[in-house]
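Visitor: Could you walk me through a few of the terms used for this model, and show how each one is decided?

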Amino acid sequence: MLLLIPGPVATAPEVKAALAHDFAPWDNEFREFTVRLRARVLKIAGGVEGEHAALPLQGCGHFITEAALRSFVPPGAKVLIPATGAYSDRMVRLAREAGRVPVTLPVAQGTRVDPASVAAALADDPSIRHVGAVYSETGSGVIHDVPAIGRAVRASGARMIVDAVSAFGALPFDLSAQPETDAVVFTANKCLEGVAGAAFAVARIDRLREGAGQAGSWSLDLADVLTMSERAPGSSRFTPAPQVLNAFNTALDLYEAEGGQAPRLARYTANMRTFYDGMRALGLTPWLSPEIQGPIIVNVHAPADPAWNLQGFVDALKRRGVLISNFFNTPTPTFRVGCIGAVTPADMARAVEAVGGALHELGIKERRAA
Ligand SMILES: *Cc1c(COP(=O)(O)O)cnc(C)c1O
């Protein structure tokens, strides 16, 4: 089955095989492994030994995003969140339920966050000291200019948390060039092509220490993760996911073998182009214009034909060996296809063919947007 969702992504056979190895989490072999893995992740993020730390957390992207909000934004403090779409909405909810005060910054649909509007919002309300930004908005497919947003945040003397869950590994990110960034967060199972179950924050050590004790959740306290990693290098506070981390380490071997970030971005971009152009050739309308379409996920308008039915379409694709989401995260009906994971442009061409076959099977004649 060709899995085309924006995470958890299709993985290479080597990554799946690495799940078969058993570990004891407190064993010295596993602790040394964890120390090496953290150093590896730190390097990929552009972190500097002694200034930044790569902090693992069990679980998914929401867990690490909430952990970063709790660990860096004091209780009751405001956090400015550009309203980029479904995933910024999620950050707003995580912040609110954690007792922080989200302040949303409107962003026009299908556009990138304007760094000047971030600067203006911070100037208008000097009590806002934190910004939470989504790098790749998985809801829409737009990539936001996080380095430029970071410059605006830096000039305002504020700080930033970056949700890079669907960006990290494919889109460039250099923590050493972004001192305003308290933490960048991501998981193993998107652009780094590991399996689901492990998340990371790469964070500034000084800011983490400054906020120690404020998380209000032992499970999601990154300062506590740091303390543990210093007291007993390579050990975890609670049961980690050793097999998942081992598979992730293998995924990083493959990442390096591919050449790292730039070649991965190039492959995903070629995947996206193949699918995007293929949809237009079938008479369908992608959600975004080509200038703003990012390489991670393509949303396509549901066709206006009364025979359209998302679940029926997804089932018809599945019969053709292609698995996509049976929901959408856009304001109007779409279907969504991930361009990331261990997949190639040839796979995307197969997917285009499958879409053509599924539309034919469902009898979809009017293919323009509903
Ligand atoms: C996938 C994703 C998350 C986290 O989702 P989980 O289901 O919790 O892993 C967060 N932000 C973005 C932008 C994402 O794409």
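Guide: Buried means under 20% relative accessible area, exposed over 50%, and partly exposed in between, with a 1.4 Å probe and protein chains only. Helices (H or I, at least four residues) and strands (E, at least two) are DSSP runs, numbered from the N terminus. This is a predicted model, in which local features need pLDDT of at least 70 and side-chain atom pairs pLDDT 80 or more, while totals for chains, interfaces and linings use all residues. Residues are numbered from 1 along each chain, and side-chain values use heavy atoms, leaving out hydrogens and water.

Visitor: Why is strand β8 called largely enclosed?

Guide: Because 5 of the 5 residues of β8 (residues 159-163) are buried, the strand is largely enclosed by the rest of the structure. R159, I161 and D163 point one way and M160 and V162 the other way, and all are buried.

Visitor: What makes β5 and β8 a pair?

Guide: Two strands pair if DSSP finds at least two bridges between them, and 5 bridges join β5 (residues 130-134) to β8, running parallel. H130 has R159 as its bridge partner. On β9 (residues 181-187), 4 bridges join that strand to β8, also parallel, with D163 partnered by V185.

Visitor: Why is Q293 counted as buried?

Guide: Its relative accessibility is 8%, so Q293 counts as buried. Q293 sits in the loop between α10 (261-281) and β11 (297-301), and contact (heavy atoms within 4.5 Å) links Q293 to residues including M272 and Y276.

Key
Lists of a residue's contacts leave out its neighbours within four places in sequence.
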